[in-house]
Amino acid sequence: MIGKMKSLQRIMDTGIIAVIRGDTVQKAVQTAEAVKEGGIDIIEITMTVPGAMDVLPELRQRFSEDEVVLGAGTVLDPETARLTLLAGAEFVVSPGLTPEVVKMCNRYQVLNMAGSMTVNEVINALEAGTDVVKFFPGNLFGPQVIKTLKGPLPQAEFIPTGGVNLDNVQEWLRLGCLAVGVGSDLTKGAEKEDYEEVTRNARAFREKIKEIRKG
């Protein structure tokens, strides 16, 4: 395990987390490989994937910690959080705040992101000890909400998920997000088993983020 701060630094360096869903272990693994081929080395496997606990160790066998930072998403309880850590997860993401999940991750010094949408939810997540606030679902508000939230809460660090695409990723990052989480806009090709499309999308996101940061 590479540790909380190193995981966070890697996420910040890459600027994007690939959120992987799927209806089989094989599809999830193939999608993750396609994303990596496109240059995204931060991969979140959601616990909604049937057999998700088999995906994490499978990917760890294929990619070293230096090659890919693996995370677990849609983690709803501390029992699942602990199992994902044992299976190789280096960060844990939840759609909302479950204080017991945050506590479990902090016990083992693993990066955790609790989902929040309102000012009260962000405050509660920070007080519970989350490292980064997952702003979700981003498509309900759009990038400008980050500027609004950072007014009273400049200490909060955000990674938005939901509604992030090539057209608005620049604004999310420009307004102060550490990185972005992207699911279907990145991986939709996998639904028809077109993994080359997934790789092309991943490459497009990586190039776009590099351009944004150079500017």
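Predicted model: local features only at pLDDT ≥ 70, side-chain atom pairs only at ≥ 80, totals over all residues.
1. Start with Glu100. At 46% relative accessibility, Glu100 counts as partly exposed, because that value falls between the cut-offs of 20% for buried and 50% for exposed. Glu100 sits in helix 5, residues 99-107.

2. Lys4 is worth a look. This lysine is found in helix 1, which spans residues 4-14. Is Lys4 buried or exposed? Its relative accessibility is 12%, so Lys4 counts as buried. What does Lys4 touch, leaving out residues up to four places away in sequence? The contacts are Asn106, Gln109, Val110, Leu111 and Asp131. One of these, Leu111, falls within strand 5, given as residues 111-116.

3. Helix 3 covers residues 52-62, and Ala52, Val55, Leu56 and Leu59 are buried there. Viewed down the helix axis, the buried residues fall within an arc of 100°, so they line one face of helix 3. The face turned away from that buried side carries Asp54 and Gln61, both exposed. What covers the buried residues of helix 3? The cover includes two helices, helix 2 (25-37) and helix 4 (78-87). It also includes two strands, strand 2 (42-46) and strand 3 (69-73).

4. Strand 6 comes next. This strand runs over residues 132-135, and both of its faces are covered. Val132 and Lys134 are buried on one side. Val133 and Phe135 are buried on the other. Note that a lysine, Lys134, is among these buried residues.

5. Which strands pair with strand 6? Strand 5 pairs with strand 6 in the parallel sense, over four bridges. Within that pairing, Ala114 has Val133 of strand 6 as its bridge partner. Between the two strands the chain passes through helix 6 (residues 119-128), and this β-α-β crossover is right-handed. Strand 7 (residues 158-160) also runs parallel to strand 6, joined by three bridges. Here Phe135 has Pro160 of strand 7 as its bridge partner. The chain goes from strand 6 to strand 7 by way of helix 7 (residues 144-150), and this β-α-β crossover is right-handed.

6. Helix 7 holds Ile146. Ile146 counts as buried because its relative accessibility is 0%. Which residues is Ile146 in contact with, neighbours within four places in sequence aside? They are Phe135, Phe158, Trp172, Leu175 and Cys177. Phe135 belongs to strand 6, where it is buried. Phe158 lies in strand 7, residues 158-160. From Ile146 to Lys214 is 22 Å, C-alpha to C-alpha, and 68 residues in sequence.

7. Last, the largest pocket. How much space lies in it? The volume is about 360 Å³. The lining counts 22 residues, and the closest to the pocket centre are Val19, Arg21, Gly183, Ser184 and Thr187. Which elements supply at least two lining residues each? Helix 2, strand 8 (180-182) and helix 9 (184-187) do.

Terms used: Residues numbered from 1 in each chain as written. Heavy atoms only, no water. Buried < 20%, exposed > 50% of the residue type's maximum accessible area, 1.4 Å probe, protein only. Arc of directions from axis to C-beta. Contact = heavy atoms within 4.5 Å. Pairing = 2+ DSSP bridges. Right-handed = clockwise from strand over helix to strand, strands pointing away. 1 Å grid on protein atoms, 1.4 Å probe; cavity = no way out; pocket = protein on both sides within 12 Å on 5 of 7 lines; lining within 4 Å. Points joined across faces, edges and corners; volume = space filled by probe spheres on them.
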